[in-house]
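Please read each point against the coordinates.

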Amino acid sequence: MTETKPNAPSRPLARSPRGFIDRRADALLAERSVVEKVLRVYESWGYERLETPSFEYADALGKFLPDQDRPNEGVFALEDDDGQWMSLRYDLTAPLARFAAQNWDSLPKPFRRCAAGPVWRNEKPGPGRYREFWQCDADCVGSARPEADAEAIAMGAAAVEAAGVPRGLYVVNVSNRKLLDGLLAKIGVDVADTATRLGVLRAVDKLDRLGPEGVELLLGAGRKDESGDFTKGAGLGSNAIAQVLAFTSTRKTTRLETLNALDAVVGDTELGAEGVAELGAIDATLRALAILEDRAFFDPAIVRGLEYYTGPVFEAELLTETLDEKGNKVRFGSIGSGGRYDDLVMRFRGERAPATGFSLGVSRLVAALSASGRPPEAAQGPVVILALDGDAMAGYMQMAGELRAAGIAAEVYLGSSGMKAQMKYADRRKAPVVVMEGSQEREAGKVTLKDLKLGAQLAQAIESNEAWRRERPAQVEVPRAQLVEAVQDMLQP
């Protein structure tokens, strides 16, 4: 048994907080590459970049906040020295609403803004579910026109493609909350009956996963799953269930056919007619923007933000199939979403300020690209100059300085290992090129350059170590004075 010395220092356990992860260069480059590509698309549509603080006052965020003394459910909150509670933002839309209300009189309206940054959720973490992640949003505040919603849909499709998802491997599904509200009114569900309304909406939302039979059970008494767990249903009667199921089957082969089917089911209600008319205007605008059914489709079963969105809603779905933990083929699913939220700014101003927008989950989109076999470009490390002669460090440092002055990332190996370990270090650093200068090369006024990326490709065709040493693929000797030019040539794509 090992005895602990009385005065031994207490060391903390090196660990990451639950739901938070460390990310190295590859992951960071992939995410930043997607962010910049998407933001360039947003800007090309006239959207202005805006950066808001990571913290907002808790009462300004509004969502997730319970009626209790410490408002930290769903968000990470702290009490400032003036007694006011501040919370880390949980999305990029709530800060936009605060900014728009605070600067309303000076903003051009409609105000188009785009933003990207980390958001935080104080929720239970799980596989692929983190408490900190990046979003990339574009929102238009001040326009009630359905053309603004159509623009968000078309721009979202362009952003997904710019990020690297080819056309045909995604679709933006579109619906309108007013359609469901009209249906609920038609089947006699009272506006004040929140439990029944949410029960119906959640049942409809499970159509893809459970099919019509499962949805029918959830609309009625309830459903028992394979594990034996029972989910209480919405408690609708048979006639009401039949009308909801008729609504879920209105998706047809074209947007126009879907509109006609929807009109037949909910067009005789005030809200339903409004929803159909708005989708009709969206369809006309999408066609003008050359966004056809292969990129955006009407799917009445799309349910988002049950107490948040007020009109059109949309969800970008990756169509590529991947394997789940059990090896079954499944679709990756949603990589972005959005919709119309006309009540958010009203919390501050007391009057409706129409708004609509689209949001991409950056981390999820990067994972989607990898799942579809199209991962973003991997990070490339610096050129590594090997320290083969301890007495020549000044010369090695000079080489690194010349390369950096030419805009090439470069470093000198500063460890104490031999050449083999230094080459392994360069490989781990993902160095594209290694510079070697021993005493003989220095006397001859030359350096040896090794193209590691090309060498890795050529190595696949060389069958033996002897052939490798004899042929020395992707390795050249150049005059020391031509170091920079030679490295630049090697780095050309």
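1. Which side chain meets that of arginine 177 in a salt bridge? The partner is aspartate 181, with an N to O distance of 3.9 Å, a salt bridge being a side-chain nitrogen of Lys or Arg within 4 Å of a carboxyl oxygen of Asp or Glu. In general, an α-helix has 3.6 residues a turn, so residues three or four places apart point the same way. Both arginine 177 and aspartate 181 are buried, where buried means under 20% relative accessible area, exposed means over 50%, and partly exposed lies in between (1.4 Å probe, protein chains only).

2. On provenance, this is a predicted model, in which local features need pLDDT of at least 70 and side-chain atom pairs count only at pLDDT 80 or more, while totals for chains, interfaces and linings use all residues. Residues are numbered from 1 along each chain as its sequence is written, and side-chain values use heavy atoms, with hydrogens and water left out.

3. For the chain as a whole, there are 18 helices and 18 strands, and 47% of the 493 residues are buried. Of the contacts between residues at least 6 apart in sequence, 67% join residues at least 24 apart, a contact meaning heavy atoms within 4.5 Å. The accessible surface comes to about 26100 Å², and 49% of it belongs to carbon and sulfur atoms, with areas taken from the Shrake-Rupley method with a 1.4 Å probe.

4. The salt-bridge rule gives a count of 30. One of these joins arginine 32 to glutamate 31 at 3.8 Å, N to O; arginine 32 is partly exposed at 32% relative accessible area, whereas glutamate 31 is buried at 7%. Another joins arginine 112 to glutamate 151 at 3.2 Å, N to O, and because arginine 112 lies in strand S5 (residues 111-120) and glutamate 151 in helix H4 (residues 146-163), the pair ties together parts that are 39 residues apart in sequence. Here arginine 112 is partly exposed at 30% relative accessibility, and glutamate 151 is buried at 15%.

5. Eight of its ten residues are buried, so S5 is largely enclosed by the rest of the structure. Strand S6 (residues 132-141) pairs with S5 in the antiparallel sense over ten bridges, pairing being assigned if DSSP finds at least two bridges between two strands, and phenylalanine 111 has valine 141 in S6 as its bridge partner. Strand S1 (residues 48-49) pairs with S5 in the parallel sense over two bridges, with arginine 49 opposite cysteine 114.

6. What are the buried residues of helix H18 (residues 483-491)? They are Leu483, Val484, Ala486, Val487 and Met490. These residues cover an arc of only 165 degrees around the axis, which puts them on the same side of H18, the arc being that of the directions from the helix axis to the C-beta atoms. They pack against strand S14 (383-385), helix H13 (393-405), strand S16 (433-436), strand S17 (446-451) and strand S18 (475-479).

Note on methods. Helices (H or I, at least four residues) and strands (E, at least two) are DSSP runs, numbered from the N terminus.
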